[in-house]
Amino acid sequence: ATAVNADVLRLMGVVDGTGGNLFSPGGKLTRAEFCTMVVNFMQRRDEVPVYATRTIFSDVTASHWGLGYVNLAASINVGTAEAPISLISGVGDGRFEPDSNITLAQAATILLRVLGYSDEQTGGVWPQTYLNLAASIGLTDGVSAGTYDQITRAQAAQLFVNALGCKDGKGAVYYKSLGQVTEDVILLAVNVTTDDGSSSGAVRTSASGASESYLPANGSGGVYALQGKRGAQVLNDRDELVAFVPDDSDAISITLSGNAQPSYVQGTNGQRYTISGSTPVYTASQSQSKTYQESYTGLSSGIQLTMYSERGKIVAVYANTGSTTVDSDAVVVMGTPSVAMFHQLTGGATDFRIVKNRQPIALSDLQPYDVVTYDQMNNTLVASDLRLTCIYEDASPNAKAPTTITVLKHPFDVLESAWDMTGGLSIGSNITLLLTADGKVAGIAPSSARLRSTAIGTVEGSTATVFLPNGGKLELSGTISSSSSLADQLVTVSSGSRGRISASRLSSRTAPGAF
């Protein structure tokens, strides 16, 4: 929840982290920092320079970084001409104490003023009646802090996101005052190029059938925690994205355990979900939505789905294909890994993240023969150490440049990166397939003690189910010796002869990596 809240505010320009791409959720906030967030939350940052040339509080002078923000906040009247109410007030003696940490009571009071509540509505007894009102409208939901406790950055983020959905002093939902609102929108992709190709950092949503992209009005488009969320989109009069407010609709996220079927999908949790053929399906890469009937053949094992339901029926589907499938290119690590090794794969990007087995790693953690693909949408290198030892058989259209290899009745797609390694191989050779996180062949090498099979899964009857690094599965079929004694056991899987599966019980002593 903190990551989502932080990205809601990052999109609005309310926060931009504490440096190093960190939000520091446990850190405390000063009164000046909270004022800055409030001004940005109200979309009034453009007025700050006008208020940076005078002194209102004796301890907020020209030497203080927050002068303009504090002065502007103190000058904003949220009351009426007859009964003016300043957004913030000092602590007495003309001071503001900008560097003191802000408390829950202080923060909630300021946000009630942002929401336009009068002294009469708040009850006038501070802080008790103010916090009573804050609780009654949902402003303090999810914030476990005492009245005078200093709040953390995570708690402040929760307050601001709560405020977006609170009713204001006139009974209207606050975010609807920020611009033109479209409800039930799915945020499809972040940090994308604008529709005309002129700028990057846009956000693509399902607000229209064409899945348009919008540049943030004030914040950042790198809001990865919001990708796939459903909620309300707010645009200003220049068609810039002011805010995106996730709703509380029921959302079910699964990883497909097999290919999608015409009327249902099944997750790795074993649950089956019925989907109508007319249900819209959204992906980050499509320019517009398609129906499930049109899309299901492209939803393969390992893809992550978020399904949105109302009254027990699935009404929309978001397929996060970008985080589970790979581009047509791959790199097999040879020697010491370096940024230059992936230059062509990333198109020159050097600030990428690296994940392996769905965990973040450093560049130095990559090992020889690891397979690396690039997820452009998330600017992430996806590394896989999945290997399957088998017999080179059924290569199509030929053994030197195959596009498909069928092993144990499973057709493996072969990437062009594997063609550089097929020169000394022939049909019938003992080989090791170097597989991507979603089970494509990126490299083929003669099998050896160094390149033993790392495929792990389960066996039942004549079927071996292998777990993929991206969370999906693939099935191999063949003769399995003693499969009944291996039932309900984790096993390593390989093949030493055509049509035969070798399976051996996995133990912590023989498991590759952390067990």
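A cavity, in the sense used here, is a set of grid points where a 1.4 Å probe fits but cannot get out. The structure above is a predicted model, and it holds 1 cavity of 30 Å³ or more. The volume of this largest cavity is about 30 Å³.

Which residues line the largest cavity? They are Leu386, Leu388, Phe412, Leu435, Ala455, Val466, Leu474 and Leu476, and when the lining is sorted by class, it has 8 nonpolar residues, no polar ones and no charged ones. Strand S18, which covers 386-391, supplies at least two residues of this lining, and so does strand S26, which covers 473-477.

We turn next to the helices. Two packed helices are described by the angle between their axes and the distance between the axes. Helix H7, made of residues 153-165, takes part in a packing with helix H2, made of residues 31-41, in which the two axes come within 12 Å and cross at roughly 25°. Because angles under 35 degrees count as roughly parallel, H2 and H7 are described as roughly parallel to each other. Their crossing is right-handed, and the contact is made by Phe34, Met37, Val38 and Phe41 from H2 together with Ala156, Phe160, Ala163 and Leu164 from H7. Divided by class, the residues of this contact are 8 nonpolar, no polar and no charged.

Helix H7 also packs with helix H1, residues 2-12, at an angle of about 65°, and the axes of these two helices are 9 Å apart. H1 and H7 are therefore roughly perpendicular to each other, and H1 passes H7 in a left-handed crossing. On the H1 side, Thr2, Asn5, Val8, Leu9 and Met12 take part, and they meet Ala154, Ala157, Gln158, Phe160, Val161 and Leu164 of H7. The contact of H1 with H7 has 8 nonpolar residues, 3 polar residues and no charged residues.

The backbone deserves a look as well. Most residues other than glycine have a negative phi, and most peptide bonds are trans. In this model, however, the peptide bond from Trp126 to Pro127 is cis, with omega near 5°, and Pro127 lies in the loop between helix H5 (119-122) and helix H6 (128-136). The peptide bond from Ser396 to Pro397 is also cis, with omega near 0°, and Pro397 is found in the loop that runs between strand S19 (395-396) and strand S20 (404-407). Finally, Leu408, a residue other than glycine, has a positive phi, near 50°, and Leu408 sits in the loop between S20 and strand S21 (410-413).

Note on methods:
Residues are numbered from 1 along each chain as its sequence is written. This is a predicted model: local features need pLDDT of at least 70, side-chain atom pairs count only at pLDDT 80 or more; totals for chains, interfaces and linings use all residues. Side-chain values use heavy atoms; hydrogens and water are left out. On a 1 Å grid over the protein atoms alone, a cavity is a set of points where a 1.4 Å probe fits but cannot get out, and a pocket is an open set with protein on both sides within 12 Å along at least five of seven lines; lining residues have an atom within 4 Å of a point. Grid points are joined across faces, edges and corners, and a volume is the space filled by probe spheres set on the points. Helices (H or I, at least four residues) and strands (E, at least two) are DSSP runs, numbered from the N terminus. Ala, Val, Leu, Ile, Met, Phe, Trp, Tyr, Cys and Pro count as nonpolar, Asp, Glu, Lys and Arg as charged, and the others, Gly among them, as polar. Axes are lines fitted to C-alpha atoms, for helices over the stretch in contact, and angles run from 0 to 180 degrees between N-to-C directions. Angles under 35 degrees count as roughly parallel, over 145 as roughly antiparallel, 65 to 115 as roughly perpendicular and the rest as oblique. A crossing is left-handed if the near helix is turned anticlockwise from the far one by less than a right angle, and right-handed if clockwise. Contact means heavy atoms within 4.5 Å.
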